[in-house]
Amino acid sequence: MSKPKVIIIGAGFTGVATAHDLALRGFDVVVVERGEIASGTSGRTHGVLHSGGRYAVSDQESAVECIDENMILRKIVPQVIEPNGGLFIAIDESDLAYAEEFIEGCNACHIPIQELTARQALEMEPNLNPKVLAAFTVPDGTFDPLRLALSFAASARKNGARFRTYTEMEQLIIDGQGNVTGVKVWDRTTDTHEEIYADLVVNATGAWVGEIASHAGAHVPIKPTPGVMVAFDQRLVQRVINRLNKPGDGDIVLPQRRMMVVGTTSFEVTDLDYVPVVEDQVKIMLERGEELVPGIRKTNVRGAYMATRPLIGGGSTGRSIARTFKCFDHKETDNIDGLVTITGGKATTLRAMAEKTADVVCQKMGVQAVCTTKEVPLLSYRDYYLQNN
Amino acid sequence: MSTPKWVVTFQIYRKKGNADPHFDEFKLEVSPDEYVLDGIERVWAFHDRSLAFRHACHHSTCGACGMRVNGAEKLTCITLIRDVTQDGGVLRIEPMRNFPVVSDLAVDMGILYTRMEMVEHQPVNSDAKEAIQPEARPAGPVGEEEDYIRLSDCIECGLCISACPISGSSPEYLGPAVLAGAHQHGIKGNEQLLKLVDSEDGVWRCHSAFECTAVCPSFVEPGWRIMDLRKQVIGERFKRLFRGSSPKIIDTMEASK
């Protein structure tokens with residue numbers, strides 16, 4: 001019997017992680033991606049390997065997902081992670097007042113924290129705002145977004161998955177019953193068109209899932225929500241510095257290579273393919289970042305960019321939306337078979353999102369195979385390109 | 001109060017399949033404080049959806065968007081338009097040299113990644129091992145016990161290979177990023193790596209043009225590292241000459257210092 005075949009649309013974090021999971025479970029996998037690996041939201045992600053501390057008060061489901069996946073990623077893909085931890089720091093009275101809820105939340109979500117005095121925090125990170133009142137350590141980290149995606153893609157390829165980059169989905173192929181049986185694609189490297197058929201199509205296009213699903217007449221409640229990130233040309237801290245308060249604008253400063261990145265904002269857009277960087281938001285990042293690490297003022301901006309989060313919207317908007325993920329079987333939601341959508345979530349939870357999606361795929365296709373991605377170490381990101389030769 | 005807009009003509013290298021390459025022109029209204037990559041992405045988003053180019057992080061950590069801009073190697077995500085052209089000016093965008101073109105501006109990085117793996121370059125490293133000069137080390141707690149792990153300076157963008165005159169004429173030359181990668185890993189006690197570095201296609205092929213160091217967006221200083229590797233190679237050769245090649249003897253000598 002031949003392997004069941006799945007087409008995944010999108011080679012961002014969820015697409016590559018789902019390809020890896022399904023390939024390990026014995027599926028024949030083809031990934032179609034209009035750009036390169038991680039050229040949409042995933043590549044432009046902030047780069048925080050979240051401990052879950054950010055969500056421990058208001059969004060505990062996400063917080064638990066983050067701490068669990070954080071520990072797994074450290075184990076399976078250490079080659080792309082700066083594992084130096086993070087601090088939540090209080091600068092004013094309102095931050096201090098948040099401390100109690102923060103401690104309770106972290107305890108409830110099994111996030112290991114340690115309280116520091118202001119002096120201890122400044123010894124650890126001398127460039128913090130000297131007005132720091134209190135601090136907590138958390139197991140945050142940072143990662144290289146492209147290399148994280150490539151590591152999953154390399155491992156998927158090793159197990160037979162095929163990646164068709166610069167290959168844009170033009171249409172979903174629909175049979176007489178209205179069910180999805182494949183995709184019509186445009187190969188941008190050769191300017192040719194072709195049809196690819198499969199037993200199932202996974203829509204892993206992040207903020208674009210609504211657009212893709214609409215080709216089949218299916219609906220996904222997605223709220224694309226961009227935010228700005230600004231990179232500065234010096235590394236003044238060695239750990240992720242978070243503001244000890246409810247998630248807000250510009251309240252994370254993270255180190256990466258020789259840089260620091262400050263993020264982010266939260267607003268809504270309709271045109272997803274190009275989101276311009278708004279000058280005023282860059283200024284806000286500088287101002288807010290400076291409250292955590294005053295030395296930022298003396299550094300230079302090295303890059304500024306926008307990434308569009310795929311938030312799953314109900315009635316709420318922006319920061320009030322939970323950061324968990326959801327897998328939609330369109331047979332259940334729209335009575336359209338052959339199409340599964342995965343969206344929401346965070347970079348940190350990419351593996352769990354893939355596990356959930358692969359579970360749904362297995363269940364739909366009657367395949368008995370368990371997920372092994374928690375244990376299988378990923379190949380070097382370089383293997384993705386090595387396999388070209 | 002935002003800066004006045006410029007009009008800039010993007011002349012972009014195009015290649016599809018076996019067709020002959022050509023340049024397409026796109027006239028864009030830009031802010032001089034935007035990055036070259038922003039303009040290229042807008043060409044794709046609003047003018048020509050067939051344009052193929054590599055990009056991911058947009059802030060110089062991933063190394064995907066290296067291209068030639070008006071004849072010079074640039075990481076386009078951090079190259080301000082105002083630094084490479086003027087109002088009414090031209091931006092000629094070409095793929096990097098010395099890599100096979102996949103399509104348009106996208107090149108196949110396979111050869112670089114293969115060689116980086118060959119020389120055992122470490123993608124994450126302790127900060128102490130990563131820094132080449134103490135004064136270049138970032139500020140922060142850097143005591144011996146308190147060293148931190150960070151992503152390597154080299155982002156494997158390939159710009160140095162594109163700019164290197166030797167890589168152009170001798171494809172088998174390992175190339176600046178790769179030799180810098182060997183330097184970062186260290187050749188001491190690594191027979192295989194030493195052999196690779198001390199070969200015809202290793203450090204001796206470099207003609208000290210230092211184009212690599214000039215275009216490196218990430219402070220790796222490949223030129224300096226190649227020169228330092230040469231010293232190390234000669235040192236290793238001397239060691240062998242006087243001490244014999246038995247590792248056991250070398251160990252004893254080291255221990256008695």
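The model is predicted.

**Inside chain B**

Contact between them involves 15 residues of domain 1 of chain B and 15 residues of domain 2 of chain B. On the domain 1 side, Glu73(B), Asn98(B) and Phe99(B) lose the most area, together 47% of what that side buries. Strand E3 (66-69) and strand E4 (72-75) of chain B each give two or more residues to this side. Its residues divide into six nonpolar, five polar and four charged.

**Between chain B and chain A**

Here 60 residues of chain B are in contact with 54 residues of chain A. His59(B), Tyr113(B) and Leu151(B) lose the most area in chain B, together 13% of what that side buries. One salt bridge joins Asp273(A) and Arg49(B), with the closest N and O atoms 2.7 Å apart. Among the elements that supply at least two residues to the chain B side are helix H1 (36-47) and helix H3 (110-118) of chain B. The chain B side divides into 31 nonpolar, 15 polar and 14 charged residues.

**The two interfaces in numbers**

| Interface | Buried area | Share on carbon and sulfur atoms | Salt bridges | Residue pairs in polar contact (both at pLDDT 80 or more) |
|---|---|---|---|---|
| Domain 1 and domain 2 of chain B | about 1100 Å² | 61% | zero salt bridges | three residue pairs |
| Chain B and chain A | about 5000 Å² | 52% | seven salt bridges | 27 residue pairs |

Key:
Residues are numbered from 1 along each chain as its sequence is written. Chains are lettered from A and ligands numbered from 1 in the order in which they are written. This is a predicted model: local features need pLDDT of at least 70, side-chain atom pairs count only at pLDDT 80 or more; totals for chains, interfaces and linings use all residues. Side-chain values use heavy atoms; hydrogens and water are left out. Contact means heavy atoms within 4.5 Å. Buried area is the accessible area (1.4 Å probe) that two parts lose on being put together, summed over both. A salt bridge is a side-chain nitrogen of Lys or Arg within 4 Å of a carboxyl oxygen of Asp or Glu. A polar contact is a pair of N or O atoms within 3.5 Å; within protein, one must be able to donate a hydrogen and the other to accept it, and residues adjacent in sequence count only if both atoms are side-chain atoms. Helices (H or I, at least four residues) and strands (E, at least two) are DSSP runs, numbered from the N terminus. Ala, Val, Leu, Ile, Met, Phe, Trp, Tyr, Cys and Pro count as nonpolar, Asp, Glu, Lys and Arg as charged, and the others, Gly among them, as polar.
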